[in-house]
Amino acid sequence: MKKETIGSETVENRMEKEILNGQQPHWEKVFSNSCSRFGDKPSYPARKAAAIFEKEGKKKILELGGGQGRDTCFFASKGFSVHSLDYTESGPKAIKEKAEEAGFEKDVTTLRHDVRDPLPFEAGTFDACYSHMLYCMALTTAELEFLCKEIKRVLKPGGVNVYTARHTGDAHYGTGTHRGEDMYEIAGGFIVHFFSREKVESLAKEYGSFELERFEEGELPRKLYMVTMRK
């Protein structure tokens, strides 16, 4: 197939970017159809991360891709101060409402934000960062590298960054429509960036150390990495 070049981009690459950018309204629609798409109980990585944060005295937490708040409210219930960001409009609104209903409004701050843009915080603001399956959304490797640098910037010395991502051993890897790199648009219109161990290691280059754990979640089940990086 002939690729027409426009500036430094091919038409094919430009079309792929438009498809990746189209995930925001897709998630907006998904969240508007259900107030608790992933349930209300905290995820396994949230429980594991909370134990790490408690043990190490981390109090101020940045959550990226908070979704509808099942993990946000869990962190607040454990006594953490949480700033939860999501790139949908409905996500932060749902989180705020759930936090108020549970009596955690003083411990939870919500904000709409696209993680492809610089994080709206000063350097050294947070003790820890947490994100569940944000890294494996429709983000290119270059965007993930930028995000890792931004998270490191806003973490205090000794800060911890815990994230999860579906990996290449997952049953959905290689299925559906290829959207560049290790990204595939699977059933339901979701674009997933599947991680190899090499990608985990590459993203951890600027951190002092990292730990990796495999776990499973959901009915398929989804197969994920849980990565703990330390500044």
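Q: Which residue forms a salt bridge with Glu89, and how far apart are the closest N and O atoms?

A: Let's start with the idea: side chains of opposite charge can pair when their charged atoms come close. Keep in mind that this is a predicted model. Here the partner of Glu89 is Arg112, and their closest N and O atoms are 2.9 Å apart.

Q: How many salt bridges does the structure hold?

A: There are 15 salt bridges in the structure. One of them joins the side chains of Arg179 and Glu185, with 2.9 Å from N to O.

Q: Is Arg179 buried or exposed?

A: The rule here is that buried means under 20% relative accessible area. Arg179 has 16%, so this residue counts as buried.

Q: Where do Glu201 and Arg197 lie?

A: First the general idea: an α-helix has 3.6 residues a turn, so residues three or four places apart point the same way. Now the case: Glu201 and Arg197 are both in helix 7 (residues 197–203), four residues apart, which is about one turn of the helix. These two residues form a salt bridge, and their closest N and O atoms are 3.0 Å apart. Both are partly exposed, Glu201 at 36% and Arg197 at 40%. Elsewhere, salt bridges that share partners join Glu56, Glu211 and Arg230 into one network.

Q: Which residues gather in a patch of negative charge on the surface?

A: That patch is made of Glu97, Glu100, Glu101 and Glu105. Take Glu100 as an example: this residue is in helix 5 (residues 90–102), and its relative accessibility of 43% makes it partly exposed.

Q: How many residues of helix 4 are buried?

A: Seven of the eight residues of helix 4 (residues 70–77) are buried, so this helix is largely enclosed by the rest of the structure. The buried residues are Arg70, Asp71, Thr72, Cys73, Phe74, Phe75 and Ala76. After helix 4 comes Gly79, which has a positive phi, near 95 degrees.

Q: Where is Ala187 found, so that I can compare a loop?

A: Look in the loop between strand 9 (183–185) and strand 10 (191–193). Ala187 is exposed, at 65% relative accessibility. Its C-alpha atom is separated by 9.5 Å from that of Thr177, a residue 10 places away along the chain.

Q: How many helices and strands are there in the chain?

A: To finish, let's step back to the whole chain. You can find seven helices and 12 strands in it. Of its 231 residues, 49% count as buried. The chain exposes about 11300 Å², and carbon and sulfur atoms supply 50% of that area. As for contacts between residues at least 6 apart in sequence, 70% join residues at least 24 apart.

Note on methods:
Residues numbered from 1 in each chain as written. Predicted model: local features only at pLDDT ≥ 70, side-chain atom pairs only at ≥ 80, totals over all residues. Heavy atoms only, no water. Patch = residues over 30% accessible without salt bridge, like charges linked within 9 Å, V, L, I, M, F, W, Y side chains within 5 Å. Areas by Shrake-Rupley, 256 points an atom, 1.4 Å probe, with all protein chains shown as cover. Salt bridge = Lys/Arg side-chain N within 4 Å of Asp/Glu carboxyl O. Lys, Arg positive; Asp, Glu negative; His and termini not counted. Charge placed at Lys NZ, Arg CZ, Asp CG, Glu CD. Helix = DSSP H or I, 4+ residues; strand = E, 2+ residues; numbered from the N terminus. Buried < 20%, exposed > 50% of the residue type's maximum accessible area, 1.4 Å probe, protein only. Contact = heavy atoms within 4.5 Å.
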